Amino acid sequence: MIVKARKEDYLVVAKLAKELWREHSLNDLKSEFLEYLSSDQVCIFIYYENNIPIAFSQISLRYEYVEGAISSPIAYLEGIFVKEKYRKVLHTCYL
């Protein structure tokens with residue numbers, strides 16, 4: 001199930017984000033995501049499987065320059081993460 005994150009979900013998202021951005025502290029990420037989830041310029045989605053958070057995506061409206069953009073504001077995918085054991089890799093072999 002995919003849900004739009006609410007302010008109350010900041011800890012869930014911060015824990016997932018910590019796996020993506022390992023160089024950041026969990027405390028810093030908690031503060032960041034609480035701020036993001038309080039903004040009307042950021043949208044975060046969480047994917048749950050059996051009530052366990054598995055993945056998230058973070059989209060922001062950007063007004064500053066974004067490479068390749070021809071208009072402003074532009075939706076920008078800031079981050080996307082799926083826990084490793086839930087990732088699937090498809091291999092295709094062409095002869």
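**Questions about a predicted chain**

Trainee: Leaving aside neighbours within four places in sequence, which residues is P73 in contact with?

Mentor: This is a predicted model, in which local features need pLDDT of at least 70 and side-chain atom pairs count only at pLDDT 80 or more, whereas totals for chains, interfaces and linings use all residues. Residues are numbered from 1 along each chain as its sequence is written, and side-chain values use heavy atoms, with hydrogens and water left out. With contact taken as heavy atoms within 4.5 Å, and with neighbours within four places in sequence set aside, the partners of P73 are L61, R62 and Y63.

Trainee: How far apart in space are P73 and Y63, C-alpha to C-alpha?

Mentor: P73 belongs to the loop between β3 and β4 (74-82), where strands are DSSP runs of E with at least two residues and helices are runs of H or I with at least four, numbered from the N terminus. A cis peptide bond, with omega about 0°, joins S72 to P73. In sequence P73 and Y63 are 10 residues apart, yet the distance between their C-alpha atoms is 4.5 Å.

Trainee: In what order do the helices and strands follow along the chain?

Mentor: The chain holds two helices and four strands.

Trainee: Why does the pair of W21 and F56 count as edge-to-face?

Mentor: Rings of Phe, Tyr and Trp (its six-membered ring) pair if their centres lie within 6.5 Å, and planes under 30 degrees apart count as stacked, over 60 as edge-to-face and the rest as tilted. A search of the whole structure finds three aromatic pairs. The ring centres of W21 and F56 lie 6.2 Å apart, and the pair is edge-to-face because the angle between the planes is 65°.

Trainee: How many residues apart in sequence are the parts that W21 and F56 tie together?

Mentor: W21 is partly exposed, with a relative accessible area of 23%, whereas F56 is buried at 2%; buried means under 20%, exposed over 50% and partly exposed in between, for a 1.4 Å probe and protein chains only. W21 sits in the loop between α1 (10-20) and α2 (26-37) and F56 in strand β3 (residues 52-62), so the parts that this pair ties together have a sequence separation of 35 residues.

Trainee: Which residues form one aromatic cluster?

Mentor: F33 and Y36 are also an edge-to-face pair, 5.3 Å centre to centre and with 80° between the planes, and both lie in helix α2, three residues apart, about one turn of the helix. F33 counts as buried at 0% relative accessibility, while Y36 is partly exposed at 24%. The one cluster is made of W21, F33, Y36 and F56.

Trainee: Over the ring of which residue does the charged end of R62 sit?

Mentor: A charge sits over a ring if NZ of Lys or CZ of Arg is within 6 Å of the ring centre and within 35 degrees of the ring normal. The charged end of R62 is 3.9 Å from the centre of such a ring, which belongs to Y76.

Trainee: What is the phi of N51?

Mentor: N50 lies in the loop between β2 (42-49) and β3, and N51 has its place in the loop between β2 and β3 too. N50 counts as exposed at 70% relative accessibility, and N51 is exposed at 69%. Although N50 is not a glycine, its phi is positive, about 55°. N51, likewise a residue other than glycine, has a positive phi near 65°.
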